[in-house]
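Please examine the sequence and the three-dimensional structure shown here.

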Amino acid sequence: MTSSDTNKLAPEFFSRGAIEVAHDLIGATLLVGQAGGLIVETEAYTRTDPASHSFVGRTVRNAAMFGAAGTAYVYRSYGIHWCLNFVCGENETGSAVLVRALEPTIGLELMRARRGLEDARLLCSGPGRLCQALGITGEYNGRRLDQPPFAISGRGESVDVRAGPRIGISRASDCLWRFGLPTSPFLSKKLPP
DNA sequence: CTATAGATAATCT
DNA sequence: GATTATCTATAGG
């Protein structure tokens, strides 16, 4: 038994602001079924954030964002990819954290097979890539994160987390709500100095 | 190494 | 009809 096995995140971990949760998730371990890794990059989206799906209020697509903290919000991106979010907030506030990149550590061969790639750096370095590697689809939308196939363990030691502007958005691009391990080779994009 | 176009479909205006 | 919380392949320096 390793320390990460005994360090499962409590549901209350997500009952805070998305920015705080996004920061604290860096270095945590995400496991989905038989594949997973270390979370090295996240982004926060809040209810009053023009770049957030929840900004316009509750819709069919973003309903999960207004659900309980500690559930998954999975949506289709650019008609092709899936993206995985962790719903946050104390009162079903419509805030969430986008999981943007993992350092793959568990189930490498399974993820290689799903991605059709060998290079570990390309397996999970991006929200769409990560979902393909972990087998995440729209069926996971609204599922609880503290129950199988999900398992999330907190980081053991403190890590160096750096913030930067979010990627791929056209509004509120001045918010530094992207967080990551600055030295990780598994980021979807380098963080600014 | 950086830059850009194309894929592709649900969601939004 | 336009936009999009992306990725890949390809072309160019």
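Gly27, whose phi is positive, near 100°, follows helix 1. Helices (H or I, at least four residues) and strands (E, at least two) are DSSP runs, numbered from the N terminus. The model is predicted: local features need pLDDT of at least 70, side-chain atom pairs count only at pLDDT 80 or more, and totals for chains, interfaces and linings use all residues. Residues are numbered from 1 along each chain as its sequence is written, chains are lettered from A and ligands numbered from 1 in the order in which they are written, and side-chain values use heavy atoms, leaving out hydrogens and water.

DNA strand C is surrounded by 20 residues, each with a heavy atom within 4 Å of it. Tyr75, Tyr78, Asn85, Gly128 and Arg129 are the closest. The table gives distances from DNA strand C to an N or O atom in a side chain; a polar contact is a pair of N or O atoms within 3.5 Å.

| Side chain | Atom of DNA strand C | Distance |
|---|---|---|
| Tyr75 | base nitrogen | 3.1 Å |
| Arg129 | phosphate oxygen | 2.6 Å |
| Ser170 | phosphate oxygen | 3.0 Å |

Helix 3 gives the most to the surface near DNA strand C, with 3 residues.

Terms used: Polar contact = N/O pair within 3.5 Å; in protein donor to acceptor, adjacent residues only side chain to side chain.
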